[in-house]
Amino acid sequence: MASVQQKSCRVFLAAVKNNNYKFFLREFLLMRIENLALPEPIISVLRDSGIEKLNEPQLLAIKAGLLDGKNIVVASPTASGKTLVAEM
């Protein structure tokens, strides 16, 4: 099984080759939950809620240490996923 970095690299290279950066942004920034290194209980809750992808603010919050217990501030537009960040 390919790592997240390998999958991300392949998506990026395909986007560059096809000169289609919108495709890259959609597939890379809106990451599918099964491609992320999330704890299984979180994946289960997300799937049970019908969530298959995280959007950019959610992904950035996780990368900033949200699941490691770090305090973070999320400032993003309405309907961008801040509530899910708070719930995680």
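Modeller: In this predicted model, a residue is called buried when its relative accessible area is under 20%, and exposed when that area is over 50%.

Colleague: Which residues of helix 3 are buried?

Modeller: Within helix 3, which spans residues 40–48, the buried residues are Ile42, Ile43 and Leu46.

Colleague: What puts these residues on the same side of helix 3?

Modeller: They span an arc of only 100° around the axis, and therefore they lie on the same side of helix 3. Pro41, Val45 and Asp48 are exposed on the other side.

Colleague: Against which helix do the buried residues of helix 3 pack?

Modeller: Their packing partner is helix 5, residues 82–87.

Colleague: Why is Ile43 called buried?

Modeller: The relative accessible area of Ile43 is 7%. The limit for a buried residue is under 20%, so Ile43 is classed as buried.

Colleague: Which residues does Ile43 touch, leaving aside those up to four places away in sequence?

Modeller: Ile43 touches Ile33 and Leu38. Such a contact requires heavy atoms within 4.5 Å. For Ile43 and Ile33, which are ten residues apart along the chain, the C-alpha atoms are separated by 6.7 Å.

Colleague: Why does Gln58 count as buried?

Modeller: Gln58, a residue of helix 4 (residues 56–63), has a relative accessibility of 5%. Not counting residues up to four places away in sequence, Gln58 touches Lys53, Ser80, Gly81, Leu84 and Val85.

Colleague: What makes Ala79 exposed?

Modeller: Ala79 lies in the loop between helix 4 and helix 5. Its relative accessible area is 81%, and the exposed class begins over 50%; Ala79 is therefore exposed. The phi of Ala79 is near 65°, a positive value in a residue other than glycine.

Colleague: Which residues touch the most other members of the largest nonpolar core?

Modeller: That core has 14 residues, of which Ile33, Leu36, Leu38, Leu46, Leu54, Ile62 and Leu66 touch the most other members. Helix 3, helix 4 and helix 5 are the elements that each give two or more residues to this core. In soluble globular proteins, nonpolar side chains tend to be buried together.

Colleague: What does Leu66 touch, not counting residues up to four places away in sequence?

Modeller: The contacts of Leu66 are with Ala61, Ile72, Val85 and Met88, on that count.

Definitions and conventions
Residues are numbered from 1 along each chain as its sequence is written. This is a predicted model: local features need pLDDT of at least 70, side-chain atom pairs count only at pLDDT 80 or more; totals for chains, interfaces and linings use all residues. Side-chain values use heavy atoms; hydrogens and water are left out. Buried means under 20% relative accessible area, exposed over 50%, partly exposed in between (1.4 Å probe, protein chains only). Helices (H or I, at least four residues) and strands (E, at least two) are DSSP runs, numbered from the N terminus. The arc is that of the directions from the helix axis to the C-beta atoms. A nonpolar core is a set of buried Ala, Val, Leu, Ile, Met, Phe, Trp, Tyr and Cys residues joined through side-chain atoms within 4.5 Å.
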